[in-house]
Amino acid sequence: MEPAPGPQEKYHLITRNLQEVLGEDKLMAILKERELKIYWGTATTGKPHVAYFVPMSKIADFLKAGCEVTILFADLHAYLDNMKAPWELLELRTRYYENVIKAMLESIGVPLEKLKFVRGTDYQLSKEYTLDVYRLSSAVTQHDAKKAGAEVVKQVEHPLLSGLLYPGLQALDEEYLKVDAQFGGVDQRKIFTFAEKYLPSLGYAKRVHLMNPMVPGLTGSKMSSSEEDSKIDLLDRKEDVKKKLKKAFCEPGNVENNGVLSFIKHVLFPLKSEFVVLREEKWGGNKTYTAYDTLEKDFAEQVVHPGDLKNSVEVALNKLLDPIREKFNSPELKKLTNAAYPSPSKAKPAEKGTKNSEPETVVPSRLDIRVGKVISVEKHPDADSLYVEKIDVGEPEPRTVVSGLVQFVPKEQLQDRLVVLLCNLKPQKMRGVESQGMVLCACSLGEPRQVEPLDPPAGCCAGERVYVEGYEGGEPDDELKPKKKVFEKLQADFRVSEDCVAQWKQRNFLTKLGLVSCKSLKGGSIS
């Protein structure tokens, strides 16, 4: 039997591969006296993907260090974050998370009996917790609440009160779970410092905070549930894993934003303490690395080829995914998966007078967005702030569109310009003139307000379809029903990137010729 690790060894296990620790002295003081109590929480929103192995790997480290670990399924948080998990799906998604997270932990050899699993609604609806939410809300400023959630809570032009409550609830969780420390990604840092500032104002202790780096996805950006190509789903078939890894960003010699290398560093190495690069004999045969730095150095010097690295990760990853796939092959868990994450193709409109058994799926392919060419522009006869435009969208007759652009775009800059037009809104009279579409524009978030029409790529023709990356195949609705608010729900996630590219949930707006963009309004909204 191995001797129990000492405080210094425990500290090393707890902090290895972390990006930052807040409260290092307190952490060491606790380890000298007793075992650390720590929790990791996950909001039950999108499907967990392989990047979740990164916190799972750290949870294995915590257990090796003798920590008492609690895993929180933050179901209430999932709803509060701009309703990422609809109320009617909350229970189903929480059950899915419980099953898939436990399957992940089992696949890397973590004994479940050493962990405590808790749902947020088990205690967050209690009288005591609710009173503390009110106490906290009387101390926290709107500015601090919004700032704390900036990296985690969905940011929209008109934030809901629920998103402002989110950081406070996460801070209170530390007290109600009776832990010494909270573990999360470095994107949680503002919430962690918020907790350190405000918990003492309620008479509660300041906790230790442990932060993982944000691991790049396969495209080189953050691995995200909402960015299909950036992630490998835990239930993806082997051929899908191969296909996604083949497309992954892994430039020869480039170790920056390399999602394949990052996965090896933060998941495979900590689990096995080694990594085997599989190669044909003519290329030197297999090579076993016992230190990640050596592997990274060899890749940087192009001793290791990206193809060999991807193939080796594919083999190692499938070994982790096989037991999860097998568990979720049961009829019961198949049914749970389909109910918690209904396929867009299954979301059919309900017949009149009946209720749909599944919630309506809101995806960007439901929007009929096209390239339009402005044929004529006139001032609205009864409204000084409105233009009346005739716009060619590839139909027999041009559409009449009313736009509130007079204060922002000179008439001559609109004439003969290519624009991006939303074509399946219900026609609506605006000061007596029926508008048959909406010109989509980038808008600044601050004052003075600035507006720029979105620009299709040069060379586009009127009528060309504009789509969101990953949603090329869906058919748009014939007409968006105003009561369903499909456009409004999708528009809440429209943004202009720092490169001035129009995006929905960090996925680009495209035509077959390239990216849809604006001239200068980086970080703006789109409406």
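I began with the second largest pocket of this predicted model, and I found that 28 residues line it, with L425, M430, G437, M438 and S527 lying nearest its centre. For my own use I noted that, on a 1 Å grid over the protein atoms alone, a pocket is an open set of points with protein on both sides within 12 Å along at least five of seven lines, a 1.4 Å probe being the test for a cavity, and that lining residues have an atom within 4 Å of a point. The space in this pocket comes to about 650 Å³, where a volume is the space filled by probe spheres set on the points.

I then looked up which elements give two or more residues to this lining, and they are β11 (399–403), β13 (428–430), β15 (438–439), β16 (441–443) and α16 (486–491). The largest share, three residues, comes from α16. Helices (H or I, at least four residues) and strands (E, at least two) are DSSP runs, numbered from the N terminus. By type, the lining divides into 16 nonpolar, seven polar and five charged residues, with Ala, Val, Leu, Ile, Met, Phe, Trp, Tyr, Cys and Pro counted as nonpolar, Asp, Glu, Lys and Arg as charged, and the others, Gly among them, as polar.

Next I followed β16 into its sheet, an open one of three strands in the order β17-β16-β23 with antiparallel pairing; two strands pair if DSSP finds at least two bridges between them. The edge strands, β17 (451–453) and β23 (525–526), each pair on one side only. β16 and β17 are joined over three bridges, and C441 stands opposite P453 in β17.

I turned to another open sheet, where six strands run in the order β1-β6-β5-β2-β3-β4 with mixed pairing. Because β1 (20–22) and β4 (115–119) stand at the edges, each with a single partner strand, one side of each is left without a neighbour in the sheet. The twist averages 20° from one strand to the next. Within this sheet, β2 (37–43) and β5 (181–185) pair in the parallel sense over three bridges, and I38 stands opposite A181 in β5.

Last, I checked how two helices meet: α3 (53–64) and α11 (259–272) pack at about 35° with their axes 9 Å apart, the axes being lines fitted to C-alpha atoms over the stretch in contact, and angles running from 0 to 180 degrees between N-to-C directions. The contact (heavy atoms within 4.5 Å) is made by F53, V54, S57 and K64 of α3 and F263, H266, V267, P270 and L271 of α11.

As to conventions, residues are numbered from 1 along each chain as its sequence is written. Local features need pLDDT of at least 70 and side-chain atom pairs count only at pLDDT 80 or more, while totals for chains, interfaces and linings use all residues, and side-chain values use heavy atoms, with hydrogens and water left out.
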